[in-house]
Amino acid sequence: MPRVVSLFLPMWLTDRFRRKSGDAAPPPEAPLVLIGRDGRRRVVLAADAAARAAGLRVGMPASKAQALVPGLVVHDAEPEADAMALARLALWALRRYAPIVAVDPPDGIVVDTTGADHLHGGEAAILAEMVQRLAAACITARAAVADSWGAAHALARFGTRATTVIPSGETAQAVLPLPVAALRLPTATIDSLRRLGFETIADLAGTPRASLALRFGPEPGRRLDQAFGRVSEPIEPIRPEEIVEVRRNFSEPIGAAETIARYTGKLVAELCAELETRGQGARRLDLLFFRVDNRVEAIRVGTAMPVRDTKRLTRLLTDKIETIDPGFGIELMRLAATVAEPLRAKQMISPLAEAPEPDVSDVIDILANRVGEDRLYRFAPVQSDVPERSVQRIAPMAPDTGEGWPGHWPRPSRLLPRPEPIETVALLPDHPPVTFTWRGVRRRVKRADGPERIFGEWWKRDAELAAVRDYFQVEDENGERYWVYRAGDGEDAATGSHKWFMHGIFG
(Lines give C-alpha, C1' and ligand atoms only; values in the text may rest on other atoms or scores of the structure.)
Protein backbone atom coordinates (compact mmCIF):
# COMPACT_ATOMS: atom_id res chain seq x y z
CA MET A 1 0.00 0.00 0.00
CA PRO A 2 1.53 3.36 -1.01
CA ARG A 3 1.93 6.08 1.59
CA VAL A 4 1.59 9.66 0.37
CA VAL A 5 2.43 12.90 2.18
CA SER A 6 0.73 16.16 1.24
CA LEU A 7 2.55 19.28 2.37
CA PHE A 8 0.22 22.29 2.43
CA LEU A 9 1.60 25.84 2.60
CA PRO A 10 -1.47 27.94 3.48
CA MET A 11 0.36 31.27 3.45
CA TRP A 12 2.83 30.40 0.71
CA LEU A 13 1.88 33.04 -1.87
CA THR A 14 1.27 35.99 0.43
CA ASP A 15 4.19 35.26 2.77
CA ARG A 16 6.49 34.84 -0.19
CA PHE A 17 5.41 38.24 -1.48
CA ARG A 18 6.13 39.85 1.90
CA ARG A 19 9.59 38.26 2.06
CA LYS A 20 10.35 39.29 -1.50
CA SER A 21 9.24 42.87 -0.85
CA GLY A 22 11.65 43.21 2.10
CA ASP A 23 11.54 46.65 3.71
CA ALA A 24 8.81 47.74 1.27
CA ALA A 25 6.45 44.97 2.41
CA PRO A 26 3.12 46.08 3.93
CA PRO A 27 2.75 45.68 7.70
CA PRO A 28 1.69 42.17 8.84
CA GLU A 29 -1.66 43.41 10.19
CA ALA A 30 -2.68 44.93 6.84
CA PRO A 31 -5.01 42.63 4.83
CA LEU A 32 -3.22 41.45 1.69
CA VAL A 33 -4.55 39.71 -1.42
CA LEU A 34 -2.99 38.71 -4.72
CA ILE A 35 -5.06 39.25 -7.84
CA GLY A 36 -5.03 37.32 -11.09
CA ARG A 37 -7.26 36.58 -14.07
CA ASP A 38 -9.86 33.86 -14.36
CA GLY A 39 -10.86 34.23 -17.98
CA ARG A 40 -11.88 37.88 -18.31
CA ARG A 41 -12.47 38.40 -14.61
CA ARG A 42 -9.96 39.65 -12.06
CA VAL A 43 -10.31 37.48 -8.98
CA VAL A 44 -8.55 36.88 -5.67
CA LEU A 45 -5.94 34.12 -6.07
CA ALA A 46 -4.49 34.28 -2.54
CA ALA A 47 -5.45 35.98 0.72
CA ASP A 48 -3.51 36.20 3.97
CA ALA A 49 -4.94 35.55 7.44
CA ALA A 50 -6.00 39.17 7.99
CA ALA A 51 -7.85 39.25 4.65
CA ARG A 52 -9.63 35.96 5.36
CA ALA A 53 -10.62 37.20 8.79
CA ALA A 54 -12.21 40.20 7.06
CA GLY A 55 -14.40 37.88 4.99
CA LEU A 56 -12.40 37.62 1.77
CA ARG A 57 -11.84 34.30 0.04
CA VAL A 58 -10.05 32.86 -2.95
CA GLY A 59 -12.12 33.18 -6.14
CA MET A 60 -13.91 36.37 -5.05
CA PRO A 61 -14.01 39.18 -7.66
CA ALA A 62 -11.27 41.73 -7.03
CA SER A 63 -13.67 44.67 -7.16
CA LYS A 64 -15.88 43.09 -4.49
CA ALA A 65 -12.91 42.41 -2.23
CA GLN A 66 -11.76 46.04 -2.45
CA ALA A 67 -15.26 47.28 -1.72
CA LEU A 68 -15.66 45.03 1.34
CA VAL A 69 -12.32 45.86 3.01
CA PRO A 70 -11.17 49.51 3.00
CA GLY A 71 -7.39 49.79 2.97
CA LEU A 72 -6.94 46.36 1.39
CA VAL A 73 -3.42 45.83 0.02
CA VAL A 74 -3.78 44.51 -3.53
CA HIS A 75 -0.94 43.16 -5.69
CA ASP A 76 -0.82 41.29 -8.96
CA ALA A 77 0.07 37.62 -8.67
CA GLU A 78 3.20 36.27 -10.38
CA PRO A 79 2.26 32.71 -11.34
CA GLU A 80 5.52 31.90 -13.12
CA ALA A 81 7.73 33.12 -10.25
CA ASP A 82 5.52 31.30 -7.74
CA ALA A 83 5.74 28.07 -9.73
CA MET A 84 9.55 28.32 -9.89
CA ALA A 85 9.79 28.92 -6.15
CA LEU A 86 7.49 25.96 -5.43
CA ALA A 87 9.61 23.77 -7.71
CA ARG A 88 12.75 24.75 -5.76
CA LEU A 89 11.00 23.79 -2.54
CA ALA A 90 9.99 20.45 -4.07
CA LEU A 91 13.61 19.89 -5.09
CA TRP A 92 14.63 20.42 -1.45
CA ALA A 93 12.12 17.76 -0.37
CA LEU A 94 13.35 15.42 -3.12
CA ARG A 95 16.96 15.61 -1.97
CA ARG A 96 16.13 15.24 1.70
CA TYR A 97 13.12 12.98 2.14
CA ALA A 98 12.04 10.68 -0.70
CA PRO A 99 12.71 9.87 -4.37
CA ILE A 100 9.16 10.64 -5.56
CA VAL A 101 8.22 14.29 -5.09
CA ALA A 102 5.99 16.54 -7.19
CA VAL A 103 4.55 20.03 -6.94
CA ASP A 104 0.86 20.36 -6.08
CA PRO A 105 0.13 23.91 -7.26
CA PRO A 106 -0.53 26.54 -6.25
CA ASP A 107 0.43 25.95 -2.61
CA GLY A 108 1.48 22.38 -1.98
CA ILE A 109 3.93 19.53 -2.47
CA VAL A 110 3.17 15.82 -2.66
CA VAL A 111 5.70 13.19 -1.54
CA ASP A 112 5.48 9.41 -1.88
CA THR A 113 7.33 8.21 1.24
CA THR A 114 6.73 4.49 0.69
CA GLY A 115 9.82 2.68 1.93
CA ALA A 116 11.64 5.89 2.91
CA ASP A 117 9.92 6.99 6.13
CA HIS A 118 11.86 4.53 8.34
CA LEU A 119 15.08 6.30 7.39
CA HIS A 120 13.76 9.40 9.17
CA GLY A 121 12.29 7.75 12.27
CA GLY A 122 8.79 6.93 11.01
CA GLU A 123 5.88 8.83 9.51
CA ALA A 124 5.15 11.04 12.52
CA ALA A 125 8.81 12.01 12.76
CA ILE A 126 9.16 12.84 9.08
CA LEU A 127 6.05 15.06 9.13
CA ALA A 128 7.21 16.88 12.25
CA GLU A 129 10.64 17.46 10.74
CA MET A 130 9.14 18.86 7.52
CA VAL A 131 6.93 21.32 9.40
CA GLN A 132 9.70 22.37 11.79
CA ARG A 133 12.28 22.95 9.06
CA LEU A 134 9.85 25.04 7.02
CA ALA A 135 8.87 27.01 10.15
CA ALA A 136 12.58 27.78 10.68
CA ALA A 137 12.51 29.31 7.18
CA CYS A 138 9.41 31.37 8.12
CA ILE A 139 7.10 29.17 6.01
CA THR A 140 3.87 28.00 7.64
CA ALA A 141 3.05 24.41 6.72
CA ARG A 142 0.63 21.60 7.50
CA ALA A 143 1.28 17.99 6.54
CA ALA A 144 -0.74 14.79 6.34
CA VAL A 145 0.07 11.23 5.31
CA ALA A 146 -2.50 8.72 4.06
CA ASP A 147 -2.94 5.87 1.57
CA SER A 148 -3.76 8.17 -1.36
CA TRP A 149 -2.83 11.55 -2.74
CA GLY A 150 -6.45 12.73 -2.64
CA ALA A 151 -6.89 11.84 1.04
CA ALA A 152 -3.57 13.38 2.11
CA HIS A 153 -4.37 16.55 0.13
CA ALA A 154 -7.76 16.85 1.82
CA LEU A 155 -6.50 16.20 5.35
CA ALA A 156 -3.61 18.64 5.05
CA ARG A 157 -5.94 21.45 3.99
CA PHE A 158 -9.05 20.73 6.02
CA GLY A 159 -7.63 18.89 9.04
CA THR A 160 -7.34 20.52 12.45
CA ARG A 161 -3.72 19.60 13.28
CA ALA A 162 -0.33 20.69 11.95
CA THR A 163 0.57 17.05 11.25
CA THR A 164 -1.87 14.20 10.63
CA VAL A 165 -0.97 10.51 10.31
CA ILE A 166 -3.76 8.23 9.08
CA PRO A 167 -2.92 4.54 9.63
CA SER A 168 -2.95 2.33 6.58
CA GLY A 169 -6.44 1.05 5.80
CA GLU A 170 -8.27 3.85 7.67
CA THR A 171 -8.21 6.48 4.94
CA ALA A 172 -11.90 6.29 3.99
CA GLN A 173 -13.11 6.80 7.57
CA ALA A 174 -10.77 9.79 7.96
CA VAL A 175 -11.97 11.73 4.91
CA LEU A 176 -15.73 11.12 5.19
CA PRO A 177 -16.35 13.95 7.73
CA LEU A 178 -14.43 16.52 5.63
CA PRO A 179 -16.30 19.13 3.53
CA VAL A 180 -16.90 18.53 -0.18
CA ALA A 181 -14.41 21.33 -0.96
CA ALA A 182 -11.65 18.90 0.07
CA LEU A 183 -12.19 16.83 -3.10
CA ARG A 184 -10.31 19.20 -5.45
CA LEU A 185 -13.44 19.91 -7.49
CA PRO A 186 -13.97 23.14 -9.47
CA THR A 187 -15.36 26.04 -7.43
CA ALA A 188 -18.58 26.11 -9.49
CA THR A 189 -19.18 22.41 -8.83
CA ILE A 190 -18.62 22.85 -5.09
CA ASP A 191 -21.06 25.77 -4.96
CA SER A 192 -23.68 23.74 -6.80
CA LEU A 193 -23.23 20.76 -4.49
CA ARG A 194 -23.64 22.96 -1.43
CA ARG A 195 -26.84 24.48 -2.80
CA LEU A 196 -28.18 20.95 -3.17
CA GLY A 197 -27.38 20.17 0.49
CA PHE A 198 -24.11 18.25 0.13
CA GLU A 199 -21.92 19.46 2.97
CA THR A 200 -19.49 16.61 3.63
CA ILE A 201 -17.78 13.90 1.62
CA ALA A 202 -19.95 11.35 3.45
CA ASP A 203 -23.07 13.02 2.00
CA LEU A 204 -21.62 12.77 -1.49
CA ALA A 205 -20.34 9.20 -1.06
CA GLY A 206 -23.82 8.00 -0.09
CA THR A 207 -25.41 9.32 -3.30
CA PRO A 208 -25.81 7.02 -6.34
CA ARG A 209 -23.07 7.66 -8.90
CA ALA A 210 -25.48 7.71 -11.84
CA SER A 211 -27.39 10.75 -10.57
CA LEU A 212 -24.14 12.57 -9.74
CA ALA A 213 -22.68 11.87 -13.17
CA LEU A 214 -25.90 12.96 -14.88
CA ARG A 215 -25.77 16.39 -13.27
CA PHE A 216 -22.06 17.07 -12.68
CA GLY A 217 -20.26 14.69 -15.02
CA PRO A 218 -17.70 12.04 -14.01
CA GLU A 219 -15.44 14.37 -12.00
CA PRO A 220 -17.09 14.00 -8.53
CA GLY A 221 -17.03 10.20 -8.78
CA ARG A 222 -13.41 10.19 -9.96
CA ARG A 223 -12.29 12.44 -7.09
CA LEU A 224 -14.12 10.24 -4.58
CA ASP A 225 -12.39 7.14 -5.93
CA GLN A 226 -9.01 8.89 -5.77
CA ALA A 227 -9.58 10.00 -2.18
CA PHE A 228 -10.61 6.50 -1.11
CA GLY A 229 -7.67 4.93 -2.98
CA ARG A 230 -9.89 2.93 -5.33
CA VAL A 231 -8.10 4.22 -8.43
CA SER A 232 -4.44 5.10 -8.76
CA GLU A 233 -3.27 8.67 -9.14
CA PRO A 234 0.30 8.58 -10.41
CA ILE A 235 2.79 11.12 -9.12
CA GLU A 236 5.16 12.37 -11.82
CA PRO A 237 8.43 13.07 -9.99
CA ILE A 238 10.21 16.34 -10.64
CA ARG A 239 13.57 16.01 -12.34
CA PRO A 240 15.57 19.25 -12.70
CA GLU A 241 17.97 19.51 -15.63
CA GLU A 242 21.07 19.57 -13.42
CA ILE A 243 20.37 16.08 -12.04
CA VAL A 244 22.32 13.29 -13.76
CA GLU A 245 19.82 10.65 -14.92
CA VAL A 246 19.74 7.59 -17.16
CA ARG A 247 16.75 5.47 -18.19
CA ARG A 248 15.84 2.18 -19.82
CA ASN A 249 12.53 1.48 -21.61
CA PHE A 250 11.32 -2.09 -22.13
CA SER A 251 9.31 -3.26 -25.11
CA GLU A 252 8.05 -6.11 -22.91
CA PRO A 253 7.44 -5.44 -19.18
CA ILE A 254 9.86 -7.13 -16.79
CA GLY A 255 9.16 -8.46 -13.31
CA ALA A 256 11.71 -11.08 -12.26
CA ALA A 257 14.14 -9.98 -9.54
CA GLU A 258 17.11 -11.32 -11.53
CA THR A 259 16.12 -9.31 -14.60
CA ILE A 260 15.65 -6.14 -12.53
CA ALA A 261 19.07 -6.65 -10.94
CA ARG A 262 20.73 -7.13 -14.33
CA TYR A 263 19.32 -3.92 -15.76
CA THR A 264 20.09 -2.09 -12.54
CA GLY A 265 23.76 -2.90 -13.07
CA LYS A 266 23.60 -1.61 -16.65
CA LEU A 267 21.98 1.64 -15.54
CA VAL A 268 24.59 2.13 -12.82
CA ALA A 269 27.38 1.67 -15.39
CA GLU A 270 25.81 4.31 -17.65
CA LEU A 271 25.32 6.69 -14.74
CA CYS A 272 28.90 6.30 -13.52
CA ALA A 273 30.18 7.03 -17.03
CA GLU A 274 28.18 10.25 -17.10
CA LEU A 275 29.37 11.19 -13.62
CA GLU A 276 32.96 10.61 -14.72
CA THR A 277 32.61 13.11 -17.54
CA ARG A 278 31.47 15.68 -14.96
CA GLY A 279 34.13 14.80 -12.40
CA GLN A 280 31.50 13.91 -9.81
CA GLY A 281 30.55 11.07 -7.50
CA ALA A 282 27.08 10.09 -6.30
CA ARG A 283 25.99 10.81 -2.75
CA ARG A 284 22.37 9.73 -3.25
CA LEU A 285 20.79 7.53 -5.91
CA ASP A 286 17.09 7.16 -6.72
CA LEU A 287 15.99 4.19 -8.84
CA LEU A 288 12.39 4.51 -10.05
CA PHE A 289 10.30 1.69 -11.49
CA PHE A 290 7.30 2.71 -13.61
CA ARG A 291 4.75 -0.10 -13.66
CA VAL A 292 2.21 -0.77 -16.40
CA ASP A 293 -0.63 0.14 -14.00
CA ASN A 294 0.74 3.72 -13.56
CA ARG A 295 2.20 2.96 -10.13
CA VAL A 296 5.75 4.08 -9.39
CA GLU A 297 8.01 2.08 -7.07
CA ALA A 298 11.29 3.52 -5.84
CA ILE A 299 14.60 2.63 -4.20
CA ARG A 300 16.78 5.26 -2.52
CA VAL A 301 20.33 4.69 -1.32
CA GLY A 302 22.93 7.09 -0.01
CA THR A 303 26.68 7.07 0.46
CA ALA A 304 28.86 8.60 3.14
CA MET A 305 31.27 9.99 0.52
CA PRO A 306 31.05 10.69 -3.23
CA VAL A 307 31.22 7.31 -5.00
CA ARG A 308 31.63 6.31 -8.64
CA ASP A 309 32.34 2.62 -8.12
CA THR A 310 29.94 0.63 -10.34
CA LYS A 311 30.06 -2.59 -8.29
CA ARG A 312 29.59 -0.82 -4.99
CA LEU A 313 26.60 1.25 -6.12
CA THR A 314 25.02 -1.75 -7.84
CA ARG A 315 25.27 -3.80 -4.65
CA LEU A 316 23.60 -1.06 -2.59
CA LEU A 317 20.68 -0.87 -5.03
CA THR A 318 20.21 -4.61 -5.60
CA ASP A 319 20.15 -5.22 -1.84
CA LYS A 320 16.78 -3.42 -1.84
CA ILE A 321 15.18 -5.03 -4.89
CA GLU A 322 13.16 -7.31 -2.59
CA THR A 323 11.22 -4.24 -1.42
CA ILE A 324 9.92 -3.60 -4.95
CA ASP A 325 6.52 -4.90 -6.06
CA PRO A 326 6.65 -5.17 -9.88
CA GLY A 327 2.89 -5.72 -10.13
CA PHE A 328 1.97 -6.74 -13.69
CA GLY A 329 5.36 -5.61 -14.96
CA ILE A 330 7.78 -2.70 -15.16
CA GLU A 331 7.97 -0.80 -18.44
CA LEU A 332 10.50 1.90 -17.52
CA MET A 333 13.42 2.22 -15.09
CA ARG A 334 15.03 5.57 -14.28
CA LEU A 335 18.20 6.00 -12.22
CA ALA A 336 19.14 9.48 -11.01
CA ALA A 337 21.94 10.88 -8.90
CA THR A 338 19.80 13.36 -6.98
CA VAL A 339 22.83 14.44 -4.94
CA ALA A 340 26.28 14.47 -6.58
CA GLU A 341 29.50 16.08 -5.42
CA PRO A 342 32.96 16.59 -6.91
CA LEU A 343 35.05 13.43 -6.65
CA ARG A 344 38.71 14.12 -5.97
CA ALA A 345 41.32 11.64 -7.11
CA LYS A 346 43.17 9.81 -4.34
CA GLN A 347 46.03 7.36 -4.20
CA MET A 348 44.73 3.80 -4.01
CA ILE A 349 48.08 2.07 -3.27
CA SER A 350 50.04 3.08 -0.18
CA PRO A 351 53.83 3.37 -0.19
CA LEU A 352 55.72 0.23 0.85
CA ALA A 353 56.84 1.75 4.15
CA GLU A 354 53.31 2.68 5.22
CA ALA A 355 50.36 0.54 6.23
CA PRO A 356 47.36 0.85 3.87
CA GLU A 357 44.74 3.25 5.12
CA PRO A 358 41.55 1.32 5.97
CA ASP A 359 38.40 2.31 4.08
CA VAL A 360 35.24 1.63 6.08
CA SER A 361 32.94 3.80 3.97
CA ASP A 362 31.49 0.73 2.21
CA VAL A 363 30.39 -0.80 5.53
CA ILE A 364 29.00 2.55 6.66
CA ASP A 365 26.94 2.84 3.47
CA ILE A 366 25.41 -0.62 4.00
CA LEU A 367 24.48 0.15 7.61
CA ALA A 368 23.18 3.66 6.86
CA ASN A 369 20.85 2.39 4.13
CA ARG A 370 19.43 -0.24 6.47
CA VAL A 371 18.87 1.80 9.64
CA GLY A 372 18.91 5.40 8.36
CA GLU A 373 21.80 7.79 7.93
CA ASP A 374 20.62 9.96 10.84
CA ARG A 375 21.02 6.99 13.22
CA LEU A 376 24.64 6.36 12.31
CA TYR A 377 27.21 8.69 13.83
CA ARG A 378 30.42 8.92 15.79
CA PHE A 379 31.44 11.07 18.73
CA ALA A 380 33.87 13.97 18.51
CA PRO A 381 35.26 16.18 21.28
CA VAL A 382 34.15 19.76 21.87
CA GLN A 383 36.08 22.39 23.78
CA SER A 384 34.20 22.42 27.09
CA ASP A 385 35.03 21.45 30.67
CA VAL A 386 31.41 20.47 31.37
CA PRO A 387 31.31 16.73 30.52
CA GLU A 388 27.91 16.61 28.82
CA ARG A 389 28.92 19.55 26.61
CA SER A 390 32.31 18.17 25.65
CA VAL A 391 31.01 15.69 23.08
CA GLN A 392 29.06 16.02 19.84
CA ARG A 393 27.66 13.68 17.21
CA ILE A 394 29.13 13.95 13.72
CA ALA A 395 28.75 11.97 10.50
CA PRO A 396 30.71 8.70 10.42
CA MET A 397 33.03 9.90 7.63
CA ALA A 398 33.29 13.52 8.73
CA PRO A 399 36.87 14.83 8.89
CA ASP A 400 38.67 14.97 12.23
CA THR A 401 37.85 18.15 14.12
CA GLY A 402 41.34 18.38 15.58
CA GLU A 403 40.01 18.65 19.12
CA GLY A 404 40.81 16.27 21.97
CA TRP A 405 39.50 15.41 25.40
CA PRO A 406 41.60 16.42 28.42
CA GLY A 407 44.11 13.71 29.29
CA HIS A 408 45.04 14.68 32.86
CA TRP A 409 41.89 13.03 34.25
CA PRO A 410 40.36 9.87 32.80
CA ARG A 411 36.81 9.94 31.51
CA PRO A 412 34.24 7.09 31.71
CA SER A 413 33.58 4.98 28.64
CA ARG A 414 29.84 5.42 29.16
CA LEU A 415 28.42 8.85 30.00
CA LEU A 416 24.77 8.81 31.08
CA PRO A 417 22.38 10.93 28.97
CA ARG A 418 21.69 13.00 32.08
CA PRO A 419 23.07 12.76 35.64
CA GLU A 420 20.95 10.59 37.94
CA PRO A 421 20.54 11.43 41.65
CA ILE A 422 22.07 9.05 44.22
CA GLU A 423 21.90 8.78 48.00
CA THR A 424 25.29 8.92 49.71
CA VAL A 425 27.06 8.91 53.04
CA ALA A 426 30.05 11.26 52.74
CA LEU A 427 32.14 13.58 54.88
CA LEU A 428 32.08 17.17 53.60
CA PRO A 429 33.71 19.06 52.04
CA ASP A 430 36.46 17.07 50.31
CA HIS A 431 35.86 13.38 51.00
CA PRO A 432 34.35 10.87 48.56
CA PRO A 433 31.24 8.85 49.46
CA VAL A 434 31.59 5.95 51.87
CA THR A 435 28.46 4.30 50.44
CA PHE A 436 25.95 5.28 47.75
CA THR A 437 22.58 3.98 46.55
CA TRP A 438 21.86 4.10 42.82
CA ARG A 439 18.78 2.65 41.14
CA GLY A 440 17.75 0.95 44.35
CA VAL A 441 21.06 -0.87 44.93
CA ARG A 442 23.33 0.11 47.85
CA ARG A 443 27.08 -0.06 47.13
CA ARG A 444 30.02 0.26 49.52
CA VAL A 445 33.01 2.23 48.22
CA LYS A 446 36.36 0.44 48.55
CA ARG A 447 38.56 2.88 46.63
CA ALA A 448 38.14 6.45 45.44
CA ASP A 449 40.10 9.20 43.72
CA GLY A 450 39.31 12.90 43.57
CA PRO A 451 37.98 15.45 43.72
CA GLU A 452 38.29 16.90 40.22
CA ARG A 453 36.68 20.33 40.41
CA ILE A 454 34.80 21.60 37.34
CA PHE A 455 33.44 25.13 37.22
CA GLY A 456 30.40 26.35 35.36
CA GLU A 457 30.71 28.17 32.06
CA TRP A 458 29.84 31.62 33.37
CA TRP A 459 29.90 33.21 29.91
CA LYS A 460 26.89 31.17 28.81
CA ARG A 461 24.40 32.07 31.55
CA ASP A 462 24.37 33.86 34.90
CA ALA A 463 23.29 30.75 36.84
CA GLU A 464 26.74 29.22 36.22
CA LEU A 465 28.75 32.13 37.65
CA ALA A 466 29.30 30.33 40.96
CA ALA A 467 28.38 26.76 39.96
CA VAL A 468 30.84 24.04 40.96
CA ARG A 469 30.99 20.26 40.59
CA ASP A 470 33.39 17.96 42.47
CA TYR A 471 33.87 14.67 40.58
CA PHE A 472 35.13 11.41 42.14
CA GLN A 473 36.12 8.07 40.64
CA VAL A 474 34.82 5.38 42.99
CA GLU A 475 35.12 1.59 42.99
CA ASP A 476 32.69 -0.67 44.84
CA GLU A 477 33.24 -4.08 46.46
CA ASN A 478 32.65 -5.89 43.14
CA GLY A 479 35.33 -3.93 41.33
CA GLU A 480 32.88 -1.82 39.34
CA ARG A 481 33.98 1.78 38.85
CA TYR A 482 31.71 4.81 38.64
CA TRP A 483 31.98 8.54 38.06
CA VAL A 484 29.98 10.51 40.64
CA TYR A 485 29.90 14.18 41.55
CA ARG A 486 28.64 16.53 44.20
CA ALA A 487 26.89 19.72 43.05
CA GLY A 488 28.68 22.46 45.00
CA ASP A 489 31.97 22.84 46.84
CA GLY A 490 30.67 21.30 50.08
CA GLU A 491 30.67 24.62 51.97
CA ASP A 492 28.98 27.47 50.12
CA ALA A 493 25.31 26.89 49.25
CA ALA A 494 25.60 29.39 46.38
CA THR A 495 27.85 26.97 44.47
CA GLY A 496 25.28 24.18 44.26
CA SER A 497 22.71 22.05 46.06
CA HIS A 498 25.36 19.71 47.57
CA LYS A 499 23.39 16.75 46.25
CA TRP A 500 25.18 13.77 44.71
CA PHE A 501 24.73 12.43 41.18
CA MET A 502 25.85 9.47 39.07
CA HIS A 503 27.24 10.66 35.72
CA GLY A 504 29.20 7.81 34.14
CA ILE A 505 30.47 4.24 34.27
CA PHE A 506 34.03 3.14 33.55
CA GLY A 507 34.65 0.06 31.41
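**View 1. Strand 3 and the lining of the largest pocket.** With 6 residues, strand 3 (41-47) gives the most to the lining of the largest pocket; helices (H or I, at least four residues) and strands (E, at least two) are DSSP runs, numbered from the N terminus. This is a predicted model, in which local features need pLDDT of at least 70 and side-chain atom pairs count only at pLDDT 80 or more, whereas totals for chains, interfaces and linings use all residues. Residues are numbered from 1 along each chain as its sequence is written, and side-chain values use heavy atoms, with hydrogens and water left out. The largest pocket holds about 1600 Å³ of space, and of the 44 residues that line this pocket, L45, V58, P106, D107 and T187 are the closest to its centre. On a 1 Å grid over the protein atoms alone, a pocket is an open set of points with protein on both sides within 12 Å along at least five of seven lines, a cavity is a set of points where a 1.4 Å probe fits but cannot get out, and lining residues have an atom within 4 Å of a point. Grid points are joined across faces, edges and corners, and a volume is the space filled by probe spheres set on the points.

**View 2. Elements and residue classes around the largest pocket.** At least two lining residues each come from helix 1, strand 2 (32-38), strand 3, helix 4 (79-96), helix 6 (149-158) and helix 8 (187-195). By class, the lining has 27 nonpolar, 4 polar and 13 charged residues, where Ala, Val, Leu, Ile, Met, Phe, Trp, Tyr, Cys and Pro count as nonpolar, Asp, Glu, Lys and Arg as charged, and the others, Gly among them, as polar.

View 3. About 30 Å³ of space lies in the second largest cavity, which is lined by G150, A182, L183, R184, R223 and A227. These lining residues divide into 3 nonpolar, 1 polar and 2 charged.
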